[in-house]
Amino acid sequence: LEIVGELLFSVPLGDRAAKILDLSHAVQRLSERPSASPADERIFTESNAALTAIGQEILQERMERPPTDDLLSHLVVAHEKDNAAVSADQVLQEMRTIIMAGHVTTAITIASAIWLLTQNPPAENFWQSEVDEKVGSHRPTADDVDLLPSCEMVLLETLRLYPPVWIMGRETLGEVKLGKYTLPRGAHVLILPWLLHRD
């Protein structure tokens, strides 16, 4: 989560990181249930509002600094160029999505990859040998990525077997033909990667 704050927003999260984790766990936990009690709904609403407030705080801090090459700077510049194309609310919603999805999905993927490697010692040994040979004792950087095809293979297979987002919703922008079915414009479609990845 701190890496997300630094890389994508160029804003240190500090004490906010722990609060974001607590709030995002509450939102996730309650969004996974088919129904909720009034108390659950109140927690969900309050957690969402608190996440939005933290997002506004981060956005304000970012706007007080000169733009850099981080994602938030690009969103802010796009908003300043054309408010109709990228509204202030959209910038805030994009930030919330990145805060939530940027740390949870990455953590789940890394944990799943490590677990899968421990279940397959030959694959783990092959992966470790490649890292030792290509990277050696120095700390890996982005420049090393192309030297480590087995890392990509491990991550792609992990994402196939254990997608961190198990369901996604989309809305058709126009009529879409899927096999023998025709979906009208405005249809809501649920996509389940877990099932697609096993087809």
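Me: What does the protein chain contain in the way of helices and strands, and in what order do its elements run?

Reply: In this predicted model, the protein chain has eight helices and four strands. Counted from the N terminus, the elements run α-α-α-α-α-α-α-β-β-β-β-α.

Me: Are Trp115 and Tyr162 buried, partly exposed or exposed, and how do you know?

Reply: Buried means under 20% relative accessible area and exposed means over 50%, with partly exposed in between. Trp115 has 44% and is therefore partly exposed, and Tyr162, at 28%, is likewise partly exposed.

Me: What makes the pair of Tyr162 and Trp194 edge-to-face?

Reply: The centres of these rings are 5.7 Å apart and their planes are at 65°, so the pair is edge-to-face, the angle being over 60 degrees. Here Tyr162, in the loop between H7 and E1, is linked to Trp194 in helix H8, 32 residues apart. Trp194 has a relative accessible area of 36% and is therefore partly exposed. Trp115, Tyr162 and Trp194 form one aromatic cluster.

Me: Which charged end sits over the ring of Trp194?

Reply: The charged end of Arg198 does, 3.8 Å from the centre of the ring.

Me: Why are helices H3 and H4 called roughly perpendicular?

Reply: The axes of H3 (residues 38-63) and H4 (residues 71-81) come within 11 Å and cross at roughly 80°. Because angles of 65 to 115 degrees count as roughly perpendicular, the two helices are described in that way.

Me: Which residues make the contact of H3 with H4, and how do they divide by kind?

Reply: Ile58, Leu59, Arg62 and Met63 of H3 make the contact with Leu72, Ser73, Val76 and Glu80 of H4. The residues of this contact divide into five nonpolar, one polar and two charged.

Methods. Residues are numbered from 1 along each chain as its sequence is written. This is a predicted model: local features need pLDDT of at least 70, side-chain atom pairs count only at pLDDT 80 or more; totals for chains, interfaces and linings use all residues. Side-chain values use heavy atoms; hydrogens and water are left out. Buried means under 20% relative accessible area, exposed over 50%, partly exposed in between (1.4 Å probe, protein chains only). Rings of Phe, Tyr and Trp (its six-membered ring) pair if their centres lie within 6.5 Å; planes under 30 degrees apart count as stacked, over 60 as edge-to-face and the rest as tilted. A charge sits over a ring if NZ of Lys or CZ of Arg is within 6 Å of the ring centre and within 35 degrees of the ring normal. Axes are lines fitted to C-alpha atoms, for helices over the stretch in contact, and angles run from 0 to 180 degrees between N-to-C directions. Angles under 35 degrees count as roughly parallel, over 145 as roughly antiparallel, 65 to 115 as roughly perpendicular and the rest as oblique. Contact means heavy atoms within 4.5 Å. Ala, Val, Leu, Ile, Met, Phe, Trp, Tyr, Cys and Pro count as nonpolar, Asp, Glu, Lys and Arg as charged, and the others, Gly among them, as polar.
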